[in-house]
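Please open the structure in the viewer and keep the sequence at hand.

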Amino acid sequence: MAEVLDIQEQQTELHNHVPTPDNGEGGEKTVFGISYGKTMMWYFLLSDAFTFSAFLFSYAAIRLGQPWWPNPNYVFKSFPFMGEANVPLGFVSVMTFVLILSSVAVVRAVQEGHRMNQKGVALWMLGGILGGLFFLGCQAWEWTHLIQEGLRPFYNPFGPDANGLTHLVHEKMLLSPGPVAFGALFFGITGFHGFHVFTGVCINVWAFFSTLNGKFQRRGHYEMIEKVGLYWHFVDLVWVFVFMAFYLM
Amino acid sequence: MQTSTSIESHVDEHAQHQAHGGGHHHTETFISKYIFSLDHKTIGKQFLTLGMLWAIVGGGLSVLFRVQLGWPDETFPILERIFSSWFTDGKLNPEAYYSLVTMHGTIMVFFVLTASLSGTFANLLVPLQIGARDMASPLMNALSFWFFVAASIVMFSSLFLSSGAASAGWTIYPPLSALPQASPGSGDGMTFWLIAVVLFVVSTLLGGLNYVSTILNMRTKGMTMFKLPLTVWAILFTAIVGILSFPVLVSCVVLLIFDRGLGTSFYLSNIVIGGKALPFAGGSPILFQHLFWFLGHPEVYIVILPAMGIVSEVLAVQSRKPIFGYQAMIFSLLGITVLSFLVWAHHMFLSGMNPFLGSLFTLFTLLIAIPSAIKVFNWITTLWRGNIRINTPTLFCIGFVSLFISGGLTGIWLGNSTIDIQLHDTYFVVAHFHIVMGVAAFFGMFAGIYHWFPRMYGRMMNETLGFIHFTITFIGAYVIFWPMHFLGMAGVPRRYYTFNEFEAFAQYDDLNKVISIAAIVVFLAQFIFLINYVWSIFKGKKATQNPWKANTLEWDAPMGNLHGNWPGELPEVHRWPYDYSKFADSETDFIPQTVPLTEAEKNEKH
């Protein structure tokens with residue numbers, strides 16, 4: 001038993017050893033003490049963060065240019081299988097919670113990777129994948145629901161009566177009851193985020209099967225799970241901002 | 001993710017190369033060696049070749065519209081024969097004129113000076129100068145080039161659309177770009193433009209991530225960050241600027257595509273066409289300008305930073321002196337990188353944005369003069385009392401410094417929001433940016449090509465043809481753009497198809513003719529370069545291993561296209577790259593980076 005632990009410790013050490021440099025032939029230390037794959041991933045995430053920031057700044061700029069904005073407590077008040085029940089932000093809270101849980105699962109997968117525990121990695125990655133799929137399912141339901149209520153990229157049924165702001169609007173001048181930008185921004189930004197979740201799930205599925213067939217075990221480290229995890233946490237973090245922008249403000 | 005696994009197998013392959021003492025050879029076909037190559041040196045040449053083709057197209061388009069501007073009353077049946085769909089009765093159509101201007105800008109800014117300039121020299125120089133066998137991910141590197149090819153095919157085919165190529169300017173401001181019915185080029189031409197640019201951004205991103213991680217992670221033993229040649233530093237900052245600014249262009253373009261295809265109103269509001277109100281409401285064209293220029297301004301630094309790096313390196317080598325202020329050069333690059341993200345709205349002083357923002361952006365814009373001036377002074381002091389070799393690369397570097405000063409000074413005028421009221425959208429602006437980022441960046445590129453040609457092809461370029469090329473281009477560039485300052489100060493607006501109907505501008509007819517003649521001459525002079533380039537590949541004088549007697553590692557690696565760059569072990573670096581003319585009593589005036597420090601030098605704690 002002690003021997004087994006010893007091997008595990010050695011393997012952990014092997015994993016924690018950062019390749020310096022990365023060309024495998026000895027050389028200068030890497031600048032951030034991480035492998036080139038992680039460097040690439042961090043810079044990619046930085047770049048993607050700028051994409052999302054541009055979208056969210058556009059959201060802010062357009063929203064601040066409107067006389068008023070639909071009240072999220074009214075727009076997002078439905079819950080599946082509960083008919084006309086009024087549950088403001090209930091459903092989105094569930095989605096958000098599950099997405100955060102799936103991030104936690106991936107953290108556990110990374111941890112199991114450090115311990116070179118193949119089964120543990122696979123199990124927790126599966127958890128992360130299921131969380132992601134659940135989130136995508138929720139998003140599909142919410143989109144369908146809002147489309148049924150009449151929301152379109154060019155039309156917004158959530159008019160001033162939803163806010164008690166009728167006095168602010170000359171209704172005859174409007175082609176759409178609410179500010180049209182609401183639908184466009186909602187579908188555009190949550191869609192772009194959903195696309196990221198979708199690619200994240202695909203990558204996680206690939207990582208899951210690669211773990212199962214022992215690819216990383218043979219390689220001697222689970223750094224790929226860390227890289228995949230970085231992307232997944234990023235997608236999760238972006239949701240927090242998207243959630244704030246559309247549901248809380 | 002597939003990518004990185006194949007990289008790792010690639011790295012293993014390198015390790016095997018090592019084990020076999022480098023004597024191991026692949027059997028490579030023509031296609032795997034020259035077309036779908038993974039070798040960074042070949043990919044660099046591919047970027048250069050495609051960039052040259054694009055430069056001919058982009059320059060050729062400018063000749064066509066300069067003909068219109070120089071001789072607005074005359075007809076050119078011969079041009080109509082060749083470009084029949086753009087000409088009617090021997091005269092360029094107004095719609096075609098706007099397409100040509102748009103495509104000239106797009107091609108030159110994106111396809112030549114961004115993709116080709118960075119692509120060529122980052123690929124050729126980064127692994128060689130840092131002492132690596134290849135890029136971190138050779139596959140991503142090749143993909144970067146092939147996405148550039150895909151973008152090129154889409155953009156080039158848009159020139160042949162019956163409705164014409166995009167014609168909203170390279171800045172594609174809505175509503176001209178957002179409403180397909182706004183102008184002939186706003187339809188399919190614009191769609192092609194947008195698709196091409198999205199592909200282009202993918203290419204830039206793949207390339208940029210690769211350059212950054214290669215520079216940060218793959219340096220050979222002894223090559224600390226502060227022993228890197230300035231070319232590598234410049235490419236590092238260029239790649240970072242690209243990684244952070246191009247994604248914002250993607251957001252900008254995605255919203256524009258939604259406005260065009262899905263009926264959204266991100267950039268559109270209250271528009272009436274042909275007496276009919278369009279159903280758009282609540283959008284903001286100024287939002288588009290903010291998003292666009294958040295890329296658009298850093299973009300000009302993406303263009304100029306690699307040229308600065310090339311000039312710093314070539315000037316030090318050719319004047320046989322250490323670069324003056326090595327660290328100042330690096331920190332001024334950093335300063336420009338940071339400031340480049342804080343100045344975008346100086347393109348929008350007259351857009352209707354809050355005028356108070358103008359003062360803030362004026363402040364940051366003028367601050368850029370500081371790092372730029374540091375660089376200029378350092379180039380001049382590097383030349384000062386140097387043992388200067390007057391050859392083509394040197395001349396192009398000196399030309400670069402001259403142009404950068406001339407064009408940079410007018411930037412200080414335009415950066416002031418008050419002066420901009422007078423000069424906005426005049427030929428003064430055209431003169432400014434063509435000199436400072438257009439011609440100057442081309443000069444950096446030429447300096448680089450003439451300097452590293454022996455590294456690429458093992459032969460030297462012809463010096464006589466190089467001198468002729470330089471002289472015509474340098475004088476010609478000033479003849480084209482210097483008078484434009486006066487046109488601009490007199491209020492002549494840019495983008496106009498003809499000035500015939502304006503009495504105030506009639507007196508500039510002759511000046512416009514002079515500019516057009518110079519433009520045609522300079523364009524034709526570039527063929528001297530092309531002939532020289534192609535001829536030298538096959539017939540040029542054979543180059544020695546280190547023809548310029550330079551210190552950097554690319555001259556340490558054996559000439560030729562050896563995959564893996566060094567046959568044996570990677571070289572070890574002991575000193576910075578600028579030890580030129582260090583010891584008066586030494587036989588040679590240069591000490592390569594691989595030479596260990598002497599005891600005396602160690603005591604100096606250099």
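The stops below take each chain in turn, with the interface between them.

This is a predicted model, in which local features need pLDDT of at least 70, side-chain atom pairs count only at pLDDT 80 or more, and totals for chains, interfaces and linings use all residues. Residues are numbered from 1 along each chain as its sequence is written, and chains are lettered from A and ligands numbered from 1 in the order in which they are written.

Select chain A. Chain A holds 8 helices and 0 strands, where helices (H or I, at least four residues) and strands (E, at least two) are DSSP runs, numbered from the N terminus. Of its 249 residues, 38% are buried; a buried residue has 20 or more other C-beta atoms within 10 Å of its own, with C-beta atoms placed from the backbone.

Next, display the side of chain A that faces chain B. Here 41 residues of chain A are in contact with 44 residues of chain B, contact meaning that C-beta atoms, placed from the backbone, lie within 7 Å. Select α2 (36-64) and α6 (181-212) of chain A, the elements that give two or more residues to this side. The largest contribution comes from α2(A), with 16 residues.

Finally, select chain B. Its secondary structure comprises 18 helices and 4 strands. The C-alpha trace of chain B spans about 80 × 55 × 55 Å along its principal axes. Of the 606 residues of chain B, 53% count as buried. Among contacts in chain B between residues at least 6 apart in sequence, those joining residues at least 24 apart make up 80%.

Definitions and conventions:
Buried ≥ 20, exposed ≤ 12 C-beta atoms within 10 Å, placed from the backbone. Contact = placed C-beta atoms within 7 Å.
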